[in-house]
Protein chains: 2
Amino acid sequence: MNRPPEPTLPLSDRGLAYGDGLFETVLVRDGTPLLWSEHLARLLKGCRVLDLPPPRTEALASALAGAGPGLGVLKLVYTRGSGGRGYAPPASASPRLEAVWSSFAPDQQRWAAGVRVRRCRLRLARQPVLAGIKHLARLENVLARAEWRDPAIAEGLLEDDRGQLVEATAMNVFFLARGAEQVSTPSLDQCGVAGTLRAALLEQGAVVEAPLLADELSSCEAVWLGNSVQGVWPVARLDDSEGQPQHGWELNDVHRAFQRRAHRLLGYAGAD
Amino acid sequence: MNRPPEPTLPLSDRGLAYGDGLFETVLVRDGTPLLWSEHLARLLKGCRVLDLPPPRTEALASALAGAGPGLGVLKLVYTRGSGGRGYAPPASASPRLEAVWSSFAPDQQRWAAGVRVRRCRLRLARQPVLAGIKHLARLENVLARAEWRDPAIAEGLLEDDRGQLVEATAMNVFFLARGAEQVSTPSLDQCGVAGTLRAALLEQGAVVEAPLLADELSSCEAVWLGNSVQGVWPVARLDDSEGQPQHGWELNDVHRAFQRRAHRLLGYAGAD
């Protein structure tokens, strides 16, 4: 492999100094990005929120062209660049767009058998201005993900300070409430990252936004985690934040049907 | 000037990727850091919160030795380094410590005449786990500071989602409530950065922690902003978040006495 050297950024870059920037992790198959319009839409929404000029189309095309063969993940990092006085952004920003590609294989075992997840102790703070966008200031996600090291735990569920379910540390949450007809996902108007797989499923009408208290997870018919890189993991077991078993689900046709629908968006096979 | 080249960090550094790190901006006079024990205490507290190994004493000494002559600011950036899987920190981190020095002169006009400040529209989210430490995920401060460009406005005041006064975008707030005997500063157990000048003043008993609704600022006898680099600015005029005048203060002996006391900690002269 003739891998290009890793890009570097100066210490003065505001992405490093303050988390002043955005990122996207894009699944790319044989050079073709999946859910690209959703990734681009989120990136542009982030630019509006942060008042950043959008990246140039040619720069994005050039970044995408750096994807390797087969299945991989292209991570795009878009920062405000250097400059400004302290927190004050420069009047005219010179943003930096960097990209790094890595080959990737989804965890088909997790597709098939489902995953064990735990509730995190950390509660997400509610900051509606930043909710939904994929900015670089993700220290809450890091702290939440650091709550466990057991590799048998695939993800951690995050709730806000009111106990409302929000997301997993790096995935969105989908659930079928008892007696409900449609798969739901929490609205992310207070905190959380609005994933691109979630956006595409909402767009298709495959899921709707609905609130759920984290305490009510056990009463759901089915729970899934999903993102545009990993696909969809059915949740087979839920632990509480102390690691004690809280609930289990037998995977069934409902689980598989939703997974198949989501996987079609990513060109992934089902798990059955 | 034979200035060393600016340090660079790889794109994979977690400080850039997630805001997973800490920083300090230290006033240095002729090679001697001011309030160093307070800076070190905050840095070590941040390491405990983020579960980072503390920087090695020799590395810190070497960074301090890089300070130039006269008065300047040494910015230390301490990140978790590269590695880990996504948000999951590496089991054994290899943190990076970088330092950059710049010469500095405080704004004596602001010391003397006081400053005009405005209330920010952005409300700080409450995240008690991260409150007080100077982590790299400071996007709220950037967005708040971006609310105005008029150089006549020296700072913006931030409140939380309950309307409690917290801080300014890059300084702590001190106030003398009507009829009060002691200067107060908001407790920072929900959000905000606990400045080192604030810490030293608390330690001396020169200020106490007390809550204040931002709506009650106008009723205060005196309000000041301060940090360990700029010193203390008396607030002479308060604008609301639309830029409309809300209140004004005549600077008096009370203002000067508190400013002198704080400035002694930084080796700064008073302004009178």
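Some housekeeping. This is a predicted model, where local features need pLDDT of at least 70 and side-chain atom pairs count only at pLDDT 80 or more, while totals for chains, interfaces and linings use all residues. Residues are numbered from 1 along each chain as its sequence is written, chains are lettered from A and ligands numbered from 1 in the order in which they are written, and side-chain values use heavy atoms, with hydrogens and water left out.

Now chain A as a whole. Its secondary structure comes to 7 helices and 14 strands. Helices (H or I, at least four residues) and strands (E, at least two) are DSSP runs, numbered from the N terminus. The radius of gyration of chain A is 19 Å, close to the 19 Å that the globule rule gives for 272 residues, so the chain is as compact as a globular protein of that length. That radius is taken over C-alpha atoms, and the globule rule is 2.2 Å times the number of residues to the power 0.38. Along its principal axes, the C-alpha trace of chain A spans about 55 × 40 × 35 Å.

How much of chain A is buried? Of its 272 residues, 57% are. Buried means under 20% relative accessible area, exposed means over 50%, and partly exposed is in between, with a 1.4 Å probe and protein chains only. As for contacts in chain A between residues at least 6 apart in sequence, 71% join residues at least 24 apart.

Next, helix packing. Two packed helices are described by the angle between their axes and the distance between the axes. Axes are lines fitted to C-alpha atoms, for helices over the stretch in contact, and angles run from 0 to 180 degrees between N-to-C directions.

In chain A, look at helix α2, residues 36–50, and helix α6, residues 196–204. Their axes come within 9 Å and cross at roughly 110°. α2(A) and α6(A) are therefore roughly perpendicular to each other. For the cut-offs, angles under 35 degrees count as roughly parallel, over 145 as roughly antiparallel, 65 to 115 as roughly perpendicular, and the rest as oblique. Which residues of α2(A) and α6(A) make the contact? From α2(A) they are E38(A), H39(A) and R42(A), and from α6(A) they are T196(A), A199(A) and A200(A). By class, this contact has 2 nonpolar, 2 polar and 2 charged residues. Ala, Val, Leu, Ile, Met, Phe, Trp, Tyr, Cys and Pro count as nonpolar, Asp, Glu, Lys and Arg as charged, and the others, Gly among them, as polar.

Staying with α6(A), its buried residues are T196(A), L197(A), R198(A), A200(A) and L201(A). Just after α6(A), G205(A) takes a positive phi of about 80°.

Over in chain B, α6(B) packs with helix α7, residues 253–264, at an angle of about 105°, with the axes 10 Å apart. α6(B) and α7(B) are therefore roughly perpendicular to each other. L197(B), L201(B) and Q204(B) of α6(B) meet F258(B), R261(B) and A262(B) of α7(B). This contact has 4 nonpolar, 1 polar and 1 charged residues.

Last, a few single residues in loops. D30(A) has a positive phi of about 50° although it is not a glycine. D30(A) is found in the loop between β2 (21–29) and β3 (32–33) of chain A, and it is exposed, at a relative accessible area of 57%. D51(B), also not a glycine, has a positive phi near 55°. D51(B) sits in the loop between α2 (36–50) and α3 (57–65) of chain B, and is exposed at 64%.

Is M171(B) buried or exposed? At 4% relative accessibility, M171(B) counts as buried. M171(B) lies in the loop between β8 (165–168) and β9 of chain B. Leaving out residues up to four places away in sequence, M171(B) touches several residues, including E155(B), L225(B) and W233(B).

Note on methods:
Contact means heavy atoms within 4.5 Å.
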